[in-house]
Amino acid sequence: MSNYVDRFNAFDRILHWTVAISFFLLVLSALGLYAHPFFGYFDLFGGPQQGIMVHKAAGVIFFVGWLLLFLRHASDTCRFDADDRKWIAKLGGYLSRKHQEIPQGKFNAGQKLFGIFAIIAALVMGATGYIIWEPTAFERGLTQFALLLHAIFFTLSMVGLIVHVYLATVGNPGTLEGMLYGQVRKSWAKKHASKWFKKVAKS
Ligand code: HEM
């Protein structure tokens with residue numbers, strides 16, 4: 001009998017890594033625009049104009065990919081039950097030495113909150129990105145407000161991403177296997193997503 005259980009199909013994984021790669025391209029190509037000391041990062045793309053072109057193209061890929069990824073997981077991400085509220089009240093047990101057993105579905109409440117924050121951020125970044133795409137297309141005040149929101153949500157997204165990458169890798173060993181190979185160990189599923197595991201084990 002296999003020690004593994006299916007978690008993400010090929011489509012889910014290709015979509016996730018397309019979103020992740022486009023996100024990193026967005027960050028690298030944005031650094032030169034974000035603050036003067038990072039201007040040299042444009043050299044990675046052959047200069048400021050090319051960097052901005054890459055930023056625009058990666059922005060469109062990220063936005064469409066992220067919408068698809070969110071819709072794909074929306075039924076798991078947008079539903080919170082009593083166990084999720086317990087998870088949030090105890091901050092997932094991350095601030096305690098004792099292991100806390102809080103049964104969770106396919107995604108824990110923290111992952112659900114990250115997914116919801118990320119879709120809000122993508123919508124704000126997409127809308128403000130559209131306004132600043134051609135800096136003289138809209139009224140000056142609106143463009144400046146859009147630039148400010150774009151920079152604030154970029155900073156918040158970076159914080160979210162650092163936490164996401166940490167928890168999906170060294171913070172919770174075994175999690176990355178699911179996004180790389182499509183399967184996770186049954187022991188991982190029982191520990192991290194026991195309600196989801198019971199459901200998939202039955203089918
Ligand atoms: C190097 C970068 C990244 C790594 C290593 C990574 C890793 C992972 C892993 C291992 C999972 C599966 C979690 C599980 O099975 O419970 C996952 C899920 C997910 N990832 Fe990423 N990811 C990265 C970048 C991103 C980016 C840039 C986004 C979007 C902005 C993103 C959004 C998501 C979402 C929405 C999920 C599903 C729910 C969740 O875990 O929050 N990831 N990621």
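The structure is a predicted model; local features need pLDDT of at least 70, side-chain atom pairs count only at pLDDT 80 or more, and totals for chains, interfaces and linings use all residues. Residues are numbered from 1 along each chain as its sequence is written.

The secondary structure of the protein chain comprises 8 helices and 2 strands. Helices (H or I, at least four residues) and strands (E, at least two) are DSSP runs, numbered from the N terminus. Along the sequence the elements follow the order β-α-α-α-α-α-α-β-α-α. The C-alpha atoms fill a box of roughly 60 × 35 × 30 Å, taken along the principal axes. The chain has 203 residues, and 21% of them count as buried. A residue is buried if 20 or more other C-beta atoms lie within 10 Å of its own, exposed if 12 or fewer, and partly exposed in between, with C-beta atoms placed from the backbone. Two residues are in contact if their C-beta atoms, placed from the backbone, lie within 7 Å. Among contacts between residues at least 6 apart in sequence, 63% join residues at least 24 apart.

Helix α1 has 25 residues. From its first C-alpha to its last, α1 reaches 35 Å, close to the 36 Å expected at 1.5 Å a residue. The expected span of a helix is 1.5 Å times one less than its number of residues. Buried residues in α1 are Val 19, Ser 22, Phe 23, Leu 26, Ser 29, Ala 30, Gly 32 and Leu 33. Their cover includes α2 and α5. Helix α5 has 29 residues and reaches 41 Å between its end C-alpha atoms, close to the expected 42 Å. In α5, Ala 146, His 150 and Ser 157 are buried. The cover of the buried α5 residues includes α4.

The largest nonpolar core has 13 residues. A nonpolar core is a set of buried Ala, Val, Leu, Ile, Met, Phe, Trp, Tyr and Cys residues joined through C-beta atoms within 7 Å. The residues with the most contacts inside this core are Val 19, Phe 23, Leu 26, Phe 62, Phe 63, Trp 66 and Ala 122. Helices α1, α2 and α4 are the elements that give two or more residues to this core. A second, separate core has 5 residues, including Trp 188, Ala 189, Ala 193 and Phe 197. Phe 63 touches Ala 122 and Gly 126, leaving out residues up to four places away in sequence.

The shell around the ligand has 21 residues. Ala 20, Phe 23, Gln 111, Ala 168 and Met 179 come nearest. A residue is near a molecule or strand if its C-beta atom, placed from the backbone, lies within 6 Å of it. Helices α1 (10–34), α2 (48–77), α4 (109–132), α5 (140–168) and α6 (175–181) each supply at least two residues of the shell. The shell divides into 12 nonpolar, 8 polar and 1 charged. Ala, Val, Leu, Ile, Met, Phe, Trp, Tyr, Cys and Pro count as nonpolar, Asp, Glu, Lys and Arg as charged, and the others, Gly among them, as polar.

Several individual positions complete the description. Val 60 is found in helix α2. Val 60 is exposed because 12 other C-beta atoms lie within 10 Å. The C-alpha atoms of Val 60 and Gly 129 are separated by 9.6 Å, although these residues are 69 apart along the chain. Arg 85 belongs to helix α3. Arg 85 is also exposed, with 12 other C-beta atoms within 10 Å. Leu 91 lies in the loop between α3 (82–89) and α4. Leu 91 has a positive phi of about 45° although it is not a glycine. Most residues other than glycine have a negative phi. Arg 185 sits in strand β2 (residues 183–185). Arg 185 has 16 C-beta neighbours inside 10 Å, so it counts as partly exposed. Apart from neighbours within four places in sequence, Arg 185 is in contact with Asn 3, Tyr 4 and Gly 174. Ser 203 lies in the segment after α8 (194–202). Ser 203 is exposed, with 4 other C-beta atoms within 10 Å. Ser 203 and Thr 136 are 67 residues apart in sequence and 56 Å apart in space, C-alpha to C-alpha.
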